[in-house]
Amino acid sequence: MTLLITIFAAVFVTYKWYTLRNPKLQLEVLAFMFWGASIMWLVDAIFEYSELRGEYFNQAPMDMLNDAFLGLSVIAVALVIWIVRMLITDPSGTVREVLKKK
């Protein structure tokens, strides 16, 4: 479930990065984070499948729910990192302007 959620997030952000083409948004950073997480979960799924074989596809509903929460928390952490990076780099100068007014 974590693999599926992060792949959907990676595909969505990559699509937005490609269609918007706005360097100020720095969506490529977010896309790289999601693709990196997707590759990590893919490797995890391959090793887990090699251990469990057919049982890998018969997960308990509680395990699937835990995996879904883990996938959503990975997306939330990546979004927080991206927002903090945007605030620090301040590509459009918005934070700088607000601080100058005070």
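Analyst: Helix α1 passes helix α3 in a right-handed crossing. This is a predicted model, in which local features need pLDDT of at least 70 and side-chain atom pairs count only at pLDDT 80 or more, while totals for chains, interfaces and linings use all residues. Residues are numbered from 1 along each chain as its sequence is written, and side-chain values use heavy atoms, with hydrogens and water left out.

User: What makes the crossing of α1 and α3 right-handed, and what makes these helices roughly parallel?

Analyst: A crossing is right-handed if the near helix is turned clockwise from the far one by less than a right angle, and left-handed if anticlockwise; α1 and α3 meet the right-handed case. Their packing angle is about 30°, with the axes 8 Å apart. Angles under 35 degrees count as roughly parallel, over 145 as roughly antiparallel, 65 to 115 as roughly perpendicular and the rest as oblique; α1 is therefore roughly parallel to α3. The axes are lines fitted to C-alpha atoms, for helices over the stretch in contact, and angles run from 0 to 180 degrees between N-to-C directions. The helices themselves are DSSP runs (H or I, at least four residues), numbered from the N terminus.

User: Why are α1 and α2 called roughly antiparallel?

Analyst: The axes of α1 (residues 2-20) and α2 (residues 27-52) come within 8 Å and cross at roughly 155°. α1 and α2 are therefore roughly antiparallel to each other. Their crossing is left-handed. Nonpolar means Ala, Val, Leu, Ile, Met, Phe, Trp, Tyr, Cys and Pro, charged means Asp, Glu, Lys and Arg, and the others, Gly among them, are polar.

User: What makes α2 roughly antiparallel to α3?

Analyst: α2 and α3 pack at an angle of about 150°, with their axes 10 Å apart. That angle makes α2 roughly antiparallel to α3, and their crossing is right-handed. The contact includes Met33 and Phe34 of α2 and Trp82 and Arg85 of α3. Its residues divide into 14 nonpolar, no polar and one charged.

User: How do you know which residues line the largest pocket?

Analyst: On a 1 Å grid over the protein atoms alone, a pocket is an open set of points where a 1.4 Å probe fits, with protein on both sides within 12 Å along at least five of seven lines; lining residues have an atom within 4 Å of a point. The largest pocket is lined by 18 residues, of which Met1, Glu48, Tyr56, Gln59 and Asp67 lie nearest its centre. The largest share of the lining, five residues, comes from α2.

How values were computed:
Helix = DSSP H or I, 4+ residues; strand = E, 2+ residues; numbered from the N terminus. Contact = heavy atoms within 4.5 Å.
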